[in-house]
Amino acid sequence: MDIAKKEPVQDPIGWRKDSSMPSLPEVHHSMKVPKKAGFFRKLLAFVGPGYLVAVGYMDPGNWATDLAGGSQFGYTLLSVILISNLMAILLQALSGRLGIVTGRDLAQACRDHYSKPVSYVLWFLCELAIAACDLAEVIGAAIALQLLFGLPLIYGVILTALDVILVLMLQKKGFRYIEAMVISLIALIMVCFIMELIFSRPEFAAVAAGFIPTTEIVTNPAMLYIALGILGATVMPHNLYLHSSIVQTRKIEPTIEAKREAIKFSTIDTTVALMLALFVNAAILILSAAAFHSAGKEVAEIQDAYHLLGPMLGTGAASILFAVALLASGQNSTLTGTLAGQIVMEGFLNIRLTPWLRRLITRLIAIIPAVIVIGIYGESGATDLLILSQVILSLQLSFAVIPLVTFTSDRKKMGVLVIPKWMAVLSWFVAILIAALNAYLLYSTFFG
C-alpha cells in the first residue's frame, strides 16, 4: 500500500484561508467511524446525511408538478423524473465530496473564493431560496393538517413554528436522533404510497414505458412546460449547502485514504436515499395518472387530489394516506430547512447565533408571508404562494450549482481528490442545462 496515502492531508493551496472554523460546530465530528470494521458496518456509520438531503426532493413543493404531470399526460413524464433524479445524485455527490475533502461547506467555500460583495449577494439569494422552500413546506404541512383535522390553514401555518423546539431537542441528544427521525418519516411516506399504488392498480406496462424518454415531451408545449417545472425544481439549492456540511458530522482520519473511503460510502448513502426520493416522486405521478388521467380529470392542486382520491379509488383510506404522507413530507422538510438556514448564515457571514434564535428567524421568514397572504386573499392564495416559491427556487439554483462544480473540479482546491475529467465534463453539462432550463421556465412563467 502506498505510504504517502496515509500522510495527513494539507489544506490545498487553492484556498485563501484555513478551514479552522467548523461547519455546524455543535455536531461537527460528533459521530465516530470505526477504523477496523467490515464494509457494511462502515457503510452504516455513513448512512444518514443522504436521507436528510433526500427529503428536499419529496417536499410539498414538488407534489403539485407531479400531480399535474400525471393527471394531464399519464405516465409519459416519468422519464423526466428519472433524469432529474440522476442529475440530483451527481450534484449531491459533488456536495458531499466538497465537505469531506476540504472541511468546508459550500457557503464557507464561497466566502473564501469570492469577494465580499459577491458573497453577500450569494448569501442573500440563498436566504431567499431557503425562505421560498420553507414557505412551500410550511404551507404543505398546514394543508395536510387542514385535510386531516379540519384545522384552518392559517392556524396550521402558525402551528408549524413548533418544529423549532423539536429540532433543538433532538440535536441536544445527538445528530443521530435527527437522522433517525427523518428516516422514520421517509419510511412512513413510502408505506403510504405503496398502499396508494396498491389501491390505484396502475398499468405496469405503461409505467415501464413512461421511464423511456419520448420526443413528445419536447414537441408538446404544455407537456414541455410541466417537464421544465419538474426539472427546474428538482435540485434544491439549500440541499447543496446542507449536504456539504452534514457529511462533516462523521469523524474521519485526516488522510487521503480515509477521505477517499468516506467519499465512497457517502456516495452510496446519497444514491440509495435519492433513489427512494425517486420512488416517492414517481409514485405521486403514477397515482395521479392511474386515478385521474384515466378518468379524464386534470388535477393540479393538492386539496383537489385529496378530495377526489377516495371516491375515484373506492376507499376513503386513499385520501387519508395521501394527507398523512403530505404531513410527514412537510414536517421532514422543515427539519432540514432550519439546519440549512444555520449553515448558510454561518458559512457566508461567519456570524454565530444561538441555534434556537437562528431557527426561529428561518421559520418566521416563511410563516409571516404565508399568514399575510392567507389573511388577505384567503386559502386560495396558498396555491399561488406554492407556485411562487418554486419560481424563486429555480431562479437561485444556478448560483449554488455553478460554484459547486467550479470548486470540485479545481485541482488546486481539491488536491488529488479532485473529481475526474469525465465527471467534471458531465457536471458542467448538467450545470449549464439546469441554468438554461430554469431561464426558459422563468421566461415562460412571466411572459409565456
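Contact here means heavy atoms within 4.5 Å. With that in hand, welcome to a quick tour of this protein, which is a predicted model. The protein has 20 helices and two strands, and 56% of its 448 residues are buried.

**Overall picture**
- If we take the contacts between residues at least 6 apart in sequence, 85% of them join residues at least 24 apart.

**A look at His 29**
- You will find His 29 in the segment before β1, the strand that covers residues 31-32.
- Leaving aside residues up to four places away in sequence, His 29 touches Gln 248, Thr 249, Arg 250 and Lys 251.
- Ile 246 is 217 residues from His 29 along the chain, yet the C-alpha atoms of the two are separated by 9.4 Å.

**The pairing of α6 and α16**
- Helix α6 spans residues 116-149 and helix α16 spans residues 317-349; their axes come within 8 Å and cross at roughly 160°.
- Because angles over 145 degrees count as roughly antiparallel, α6 is roughly antiparallel to α16.
- As for handedness, the crossing of α6 and α16 is left-handed.
- Sorted by class, the residues in the contact of α6 with α16 are 21 nonpolar, seven polar and three charged.

Notes:
Residues are numbered from 1 along each chain as its sequence is written. This is a predicted model: local features need pLDDT of at least 70, side-chain atom pairs count only at pLDDT 80 or more; totals for chains, interfaces and linings use all residues. Side-chain values use heavy atoms; hydrogens and water are left out. Helices (H or I, at least four residues) and strands (E, at least two) are DSSP runs, numbered from the N terminus. Buried means under 20% relative accessible area, exposed over 50%, partly exposed in between (1.4 Å probe, protein chains only). Axes are lines fitted to C-alpha atoms, for helices over the stretch in contact, and angles run from 0 to 180 degrees between N-to-C directions. Angles under 35 degrees count as roughly parallel, over 145 as roughly antiparallel, 65 to 115 as roughly perpendicular and the rest as oblique. A crossing is left-handed if the near helix is turned anticlockwise from the far one by less than a right angle, and right-handed if clockwise. Ala, Val, Leu, Ile, Met, Phe, Trp, Tyr, Cys and Pro count as nonpolar, Asp, Glu, Lys and Arg as charged, and the others, Gly among them, as polar.
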